[in-house]
Amino acid sequence: MASSRPTVRGLTTSSLVIGLSFAAVALGRPGELTSSSSDGQPPYRGAGMPVCDSSNTVVTESTDLDTLNGTVVCSGSAGTSDHYYGRSHDLSTLDAGGNEIVLECVKWGIYSNDLEVTATINIFSDDDGDPSGGMSLLGSLSDTIPVSSEPFFMTFTGDGSIVLPQGFIFVEMFIPGSSLSESHFVGGNNGGQSSPSWIRTADASCGIGAWTELDNIGWESVNWVEAIEVSIEAPGDPCDEALPDCPADVSGPSNVPDNVVSVDDVLKIIANYGQVGDGTFRPVGDCHPAPNGDCDVDVDDLLEVIGAFGAVCEDPAPELAMNEVRTNHGGFDTTEYIELIGEPGASLDGLSWIVIGDGSGDSSAGHLETAVSLDGASLDANGLYSVILENLFENSDPVTHAVVRNLNYNGSGTVDLDTNDDGELDVVLWDEIIDCVSLIGEGDDALAYCSATIGPDGPFVAVGGYRCPDGIGDWVMAPFDLSCLDTPGALNACNEPDSDNDNVPDCADNCVDTPNEDQADCDNDGEGDACDLVTDCNLNGIPDVCETDCNANGVPDDCDVNDGNSFDCNENGIPDDCENDCNSNGVPDDCDIDNGDSDDGDGNGIPDECEGSVIVINEIQFDPASDISGDANGDGVRDGSQDEFVEIVNKSGADLCLGGGTISDAAGLRHVFPPDTPALGDGCVIVVFGGGDPATFAADFGDAVIQVASTGFLGLNNGGDTVTLALADGTVLDQHTYDGNGGQDQSITRFPDVYGVDFFDHSVASPGGFLFSPGTTINGTTFGGSDCGAASGSDADSDGVPDGCDNCELFNPGQEDCNDNGVGDACDINNGDSQDADSDGIPDECQVVASGAWINELHYDNSGGDIDEMIEVVIQDGTDPNSVTVTLYNGNGGNPYGSAMVVGTDFTAGESGSGYTIYSIILASNGLQNGAPDGLCIDVNGNVAEFLSYEGTITAASGPAAGMTSVDIGVSESSQTTVGSSLGLTGTGSGPGDFVWSVLADSANPGNTNVGQTISP
């Protein structure tokens, strides 16, 4: 399960870099922006943009709709990137008269196209005309762009289903890339425009992975030629609609129908007698003739009511439906829930609530991953059934929830229902679908297997929603944090008052009296920014306390500069006293260089007198963007874990040997550099990704050495963490601690590279606006090293470890050095410095087997979310519990995971008997990995007493059991194991060899002797 997303996001140093230039963008990877104006073709001047329907209203930002010139595209030797072209429109000035605005067609100029492709138009609602945030998908259109060497207009026609808000919308045209260079050019001209033309690439090529205005990358005179046509749809006549099931019930004591035909209905007919609808309303009292009435309150309506006088109107029995669901919220997900609605008392036997999400392997979409049986349950007296679940559902990825009848699934593993990943289910394991809804996000996270959808929630996948009216209405998206809108087991909060009409009910609104649909609360004080503007010196709608204030004087930086309170020598919006000033002369480094007061021989923006010998963690990616723009490892798939990375740069002037070294975070060990890690020369880089297959990494990493975390993930915490780089002997080379205010769907990086003291959000520091740059500088250039991807120097013993990094001239690819004397075990034995009586290649002094402690009981897996995972050990009298350590081992690679636990401080003492004391620890959910295989060892004063595993054996690659092979305990747990069960030793004896491992079904007993066990002196 993915972790819940944080509620606080991002640094506020966005003023660090102002503007871009074409020269900077040309350094982008893997291609460069190319202008078609250099190909000699004349501009197109035709009869103008076509018209879809003369009765439509044309909305455009283009002043000239006739001329099509060549424009710009990101292309290189690898071909043309996937491109997105964008344009914002403000529909607030349309005179719609309160009627619906319907998109009829989108028209876009194409200058040339060399390959027939299917292009997609995506229409978003937007909050401010800037596509960097605040957008929600309204609908999509697609069509094939034909091959043409001549300019033409492409028209995408709608079907009337896309209704537009009377505010900002954003029109995006996606054109797939190809292996052809410069495969297409979108048409444009310099005739002028009312709002910017935007561009981005899917793989961040040319430095435009995020939406960027054309004039910010050196194309000030290029404007897309684009327009939309809309129609204003007048509402239908209410009198054309069918009368309700009980038409004579027109009123009641509260002036609304009350399900009884009585004197109130007669009086309402008399009061409205003679009223006639005008096409915009049906007069109250029009109830005859069936089925639609006649839009006139007359004697026929009076007779209809008198004839039905005394009748009690009964609502039809409701159909069974999904009514409310939540899969994620702030903090640990203890309050996930599902809810159904239908006929009171109805049985739910034979039904299951299932979740279709992602899986693994070649076919990763459309896997049945969760099933909740509803057998034995029934709807209550209000027609509702709800159950609270703890951390059961997957977060952050698009999923489809459905209620099905007669599910044929045993609950073990996932089942691929969409074998070709085309968005349609190929395998059906049920007899009937009762209801369904899909929780979706943007881009690749919009995959849905149900026509009813909830989301996206900004850049995130929706966390759930509720129906209004209950059971039959549309789905309303739930906010991320739990609120009054969450009503499991009760009718939904559909009629809560909304005083400011911002679509956020008062009970959940952080600013009740002022519209603030986005609920922005930058200082997280519980009061929305719209109500919290105590001071706003620059009148930008953001409270001053939330603005960047680098010198902490209580005034935002831009106001400091504009008011003359701070100097800004380079006019970048940052007070000089906050800029890098490595020589402490009171002048920012770049101004020192520009003024000629300092030299900068390597052109890296750092005065030469400040550069020295360093080995640094230069860039950290802990918060990948939620769409494809977060694909940092370049494998074509965005993965929130695998696309995390740590970048290390060697600027020490000498080779760096990292074999056996480690990367850790605050939670524990994350990566052990393998012994054959190439020696990194000066200016060389190594990047460790959270996961993935390096063979599929297609990005340009500047010849950096690429590895993936040996533990299977980096697990960097979005809310703040400490990343530590250390040598094999424990010497810390560098360490960086970050808080939860950085990342913002991108990496954080030193600025300037390598020698910068502070870390910044990458797009802020990078002139190209890149979201990350693993292996290269923020501009996409190398750090100056050569042959960084190959082992430097000779390898005389052919063990894959360069001689300069090898601890033994004999073959020893694992670099084993069990006595930590700096000489490999193979040489210690060969030189006679160590004995090896059993000829197993391990010095005898390293094979001391300790006694005085053993592992007595453990629990690691059960049905549902794993709970009460634990380890129990027995410490014999005379053994200091503070000298006993338990280390967890990952069966994938044989390295420790998590932090080693000291029994005397981390465990709780329990039962004491003759000669022994039992200690136990209850771990957090998923604290023990689920095997196939995994294991743990216990050591006394560094000497291993036991190295055990479950679901297979492990050969330890590092840690206290390095070089040892585990003993499989022979019993195991699974996702079918009942809560309250464990695995433990049974029998009678005084040491671990006297007992046998057994399954303790429903008999877990941490801190005490096991059921069926007697420990004797």
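Let's start with the open sheet of six strands, which has mixed pairing and the order β36-β35-β32-β31-β39-β40. Keep in mind, please, that we are looking at a predicted model. At the edges of this sheet stand β36, residues 705-708, and β40, residues 759-761; each has a single partner strand, so one side of each is left without a neighbour in the sheet. Going from one strand to the next, the twist averages 25 degrees.

If you follow along on the screen, have a look at the β40 end. Strand β39, residues 748-750, runs antiparallel to β40, and three bridges join the two. Which residue of β40 stands opposite Arg750? That is Phe759.

Now to the aromatic rings. How many aromatic pairs does a search of the whole structure find? The search gives 13. I have picked out two of them for today.

Phe689 belongs to strand β35, residues 684-689, whereas Phe701 sits in the loop between β35 and β36, so the pair ties together parts that are 12 residues apart in sequence. Are these two phenylalanines buried or exposed? Phe689 and Phe701 are both buried.

The other pair is Tyr860 with Tyr950. Why is this pair stacked? Planes under 30 degrees apart count as stacked, and here the planes are at 15 degrees, with the ring centres 4.0 Å apart, so the pair meets that description. This pair links distant parts of the chain, 90 residues apart: Tyr860 is in the loop between β41 (853-859) and β42 (870-876), and Tyr950 is in strand β48, residues 943-950. Both of these tyrosines, Tyr860 and Tyr950, are buried as well.

Before we leave the rings, here is a group for you to find on the screen: Tyr84, Phe170, Phe174 and Trp211 form one aromatic cluster.

Next, a few words about the backbone. A cis peptide bond joins Gly455 to Pro456, with omega at about 0 degrees. You will find Pro456 in the loop between β28 (453-454) and β29 (464-468). Another cis bond runs from Ala932 to Pro933, where omega is near -20 degrees. Pro933 lies in the loop between β46 (916-922) and β47 (934-940).

Is Ala932 buried or exposed? With a relative accessible area of 58%, Ala932 is exposed.

Glu182 also has a positive phi, of about 50 degrees, although it is not a glycine. You can find Glu182 in the loop between β13 (168-175) and β14 (184-186). At a relative accessible area of 30%, Glu182 is partly exposed.

Last topic, folks: the cavities. The structure holds three cavities of 30 Å³ or more, and about 40 Å³ of space lies in the largest cavity. Which residues line this largest cavity? They are Gly683, Cys684, Val685, Gly702, Asp703, Ala704, Gly775, Thr782, Phe783, Gly785 and Cys788. By class, that lining has five nonpolar, five polar and one charged residues.

Conventions: Residues are numbered from 1 along each chain as its sequence is written. This is a predicted model: local features need pLDDT of at least 70, side-chain atom pairs count only at pLDDT 80 or more; totals for chains, interfaces and linings use all residues. Side-chain values use heavy atoms; hydrogens and water are left out. On a 1 Å grid over the protein atoms alone, a cavity is a set of points where a 1.4 Å probe fits but cannot get out, and a pocket is an open set with protein on both sides within 12 Å along at least five of seven lines; lining residues have an atom within 4 Å of a point. Grid points are joined across faces, edges and corners, and a volume is the space filled by probe spheres set on the points. Ala, Val, Leu, Ile, Met, Phe, Trp, Tyr, Cys and Pro count as nonpolar, Asp, Glu, Lys and Arg as charged, and the others, Gly among them, as polar. Two strands pair if DSSP finds at least two bridges between them. Helices (H or I, at least four residues) and strands (E, at least two) are DSSP runs, numbered from the N terminus. Axes are lines fitted to C-alpha atoms, for helices over the stretch in contact, and angles run from 0 to 180 degrees between N-to-C directions. Rings of Phe, Tyr and Trp (its six-membered ring) pair if their centres lie within 6.5 Å; planes under 30 degrees apart count as stacked, over 60 as edge-to-face and the rest as tilted. Buried means under 20% relative accessible area, exposed over 50%, partly exposed in between (1.4 Å probe, protein chains only).
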